[in-house]
Amino acid sequence: WFLKPYEEVGGLTGIFNNPNYLSFWLIVTLPLVLYITTSKTYENKNLSRFILGSISTLIIIFALLTNSRNAILGLFIILISKLSLRKSIFTIIFASTVLLFYFISPLTNTNSFTLQIFSQDNNLISKISYFFDVLIHSPRFEIWKSAVHFISQKPILGWGGSTFPYLNSFHNSKILTPIVFTDAQHTHNIFLELAHNFGIPLAILITSAILYLLIRNLIKIKKENIKFDNLQSNAWLLSSFLVLLFHMTDIPYYDGRVSLLISILFAGLRCILNTGKESGLKVS
């Protein structure tokens with residue numbers, strides 16, 4: 001167990017070396033913990049629910065303390081999945097307003113973008129322009145632009161595994177429009193990572209398989225008219241969707257513990273599809 005200095009990395013890291021990896025672990029397991037909390041399979045239901053409810057609360061608190069924007073988005077999606085349509089619409093409007101400022105100003109650096117926006121003496125249009133300028137020139141976009149450039153050079157077979165850090169560090173000067181260098185060990189997007197390392201065809205094949213599993217499970221649940229917040233299969237599907245969401249802006253998969261969890265979740269999706277085919281039973 002180790003904990004990196006909070007001020008250096010901007011959030012709690014726990015047993016991981018990155019706050020985003022810890023937030024991934026917490027958020028992805030939260031739907032399963034919430035399912036078990038509401039399950040009716042315990043003899044001493046009150047005590048069990050109190051313990052599990054406390055664990056759920058701690059998961060949420062520590063996820064927030066990682067200061068991961070993906071964690072905030074994940075919590076938001078979990079909340080929406082538990083509400084009715086009318087409540088969800090209100091929650092989306094309210095949460096979107098809060099997230100707008102959170103995404104441009106991490107909690108550990110409150111004197112950054114948000115205060116810069118409000119400290120300017122310009123009009124509203126200038127403030128909005130400044131916000132989008134900061135968003136467009138964020139490190140993630142620079143990393144993605146670099147990845148797209150190298151993918152375009154070897155779109156079929158890619159450059160090979162673990163080549164992005166080297167190319168991004170030493171070959172950006174050869175790009176027609178030089179990209180601001182951002183030190184990165186990977187592309188921070190699962191599709192770009194696969195396309196850069198192994199080519200676009202393989203990236204399409206793997207991401208399509210993942211989307212197919214998610215969509216087929218969602219269709220199966222809807223066809224069987226299963227309420228979304230009651231069954232294990234729904235919690236499993238939500239956790240699996242959060243896996244894909246996190247990998248749009250980061251790649252926690254490179255941590256061995258995370259990759260094992262992901263493998264279990266997606267193997268479970270395949271099992272859910274097979275459940276009830278021979279016996280005629282519903283997913284449970």
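## Burial and overall make-up

A residue is called buried when its relative accessible area is under 20%, exposed when that area is over 50%, and partly exposed in between, with a 1.4 Å probe and protein chains only. By this rule, buried residues make up 44% of the 284 residues in the protein chain. This is a predicted model, in which local features need pLDDT of at least 70 and side-chain atom pairs count only at pLDDT 80 or more, while totals for chains, interfaces and linings use all residues. Residues are numbered from 1 along each chain as its sequence is written, and side-chain values use heavy atoms, with hydrogens and water left out.

The secondary structure of the protein chain comes to 13 helices and 0 strands, where helices (H or I, at least four residues) and strands (E, at least two) are DSSP runs numbered from the N terminus.

## A nonpolar patch on the surface

Tyr 6, Leu 58, Ile 61, Phe 62 and Leu 65 form a nonpolar patch on the surface, and together they have about 420 Å² of accessible area. Such a patch is made of residues with over 30% relative accessible area and no salt bridge, nonpolar side chains (Val, Leu, Ile, Met, Phe, Trp, Tyr) being joined within 5 Å and like charges within 9 Å. Accessible areas come from the Shrake-Rupley method with a 1.4 Å probe, and for residues only the protein chains shown count as cover.

Helix α3, which spans residues 45-65, gives the most to this patch, with 4 residues. Phe 62 is found in helix α3, and Phe 62 counts as partly exposed because its relative accessibility is 40%.

## The second largest pocket

The second largest pocket has a volume of about 400 Å³, and 22 residues line it, of which Ile 190, Leu 194, Ile 251, Tyr 253 and Tyr 254 lie nearest its centre. On a 1 Å grid over the protein atoms alone, a pocket is an open set of points where a 1.4 Å probe fits, with protein on both sides within 12 Å along at least five of seven lines, and lining residues have an atom within 4 Å of a point.

At least two residues of the lining are supplied by each of α9 (164-170), α10 (190-198), α11 (200-223), α12 (232-246) and α13 (256-274), and the largest share, 5 residues, comes from α10. By class, the lining has 14 nonpolar, 7 polar and 1 charged residues.

## One salt bridge

A salt bridge is a side-chain nitrogen of Lys or Arg within 4 Å of a carboxyl oxygen of Asp or Glu, and by this rule the count comes to 1 salt bridge. Asp 255 forms a salt bridge with Arg 257, the closest N and O atoms being 3.0 Å apart. Asp 255 is buried, with a relative accessible area of 11%, whereas Arg 257 counts as partly exposed at 37% relative accessibility.

## Two loop residues with positive phi

Asn 67 is found in the loop between α3 and α4 (69-81), and Asn 67 has a positive phi of about 60° although it is not a glycine. Asn 67 is buried, with a relative accessible area of 11%. Between Asn 67 and Leu 12 there are 7.7 Å in space, C-alpha to C-alpha, although the two are 55 residues apart in sequence.

His 188 lies in the loop between α9 and α10. His 188 is not a glycine, yet it has a positive phi of about 60°, and His 188 is buried, with a relative accessible area of 11%.

Conventions
Grid points are joined across faces, edges and corners, and a volume is the space filled by probe spheres set on the points. Ala, Val, Leu, Ile, Met, Phe, Trp, Tyr, Cys and Pro count as nonpolar, Asp, Glu, Lys and Arg as charged, and the others, Gly among them, as polar.
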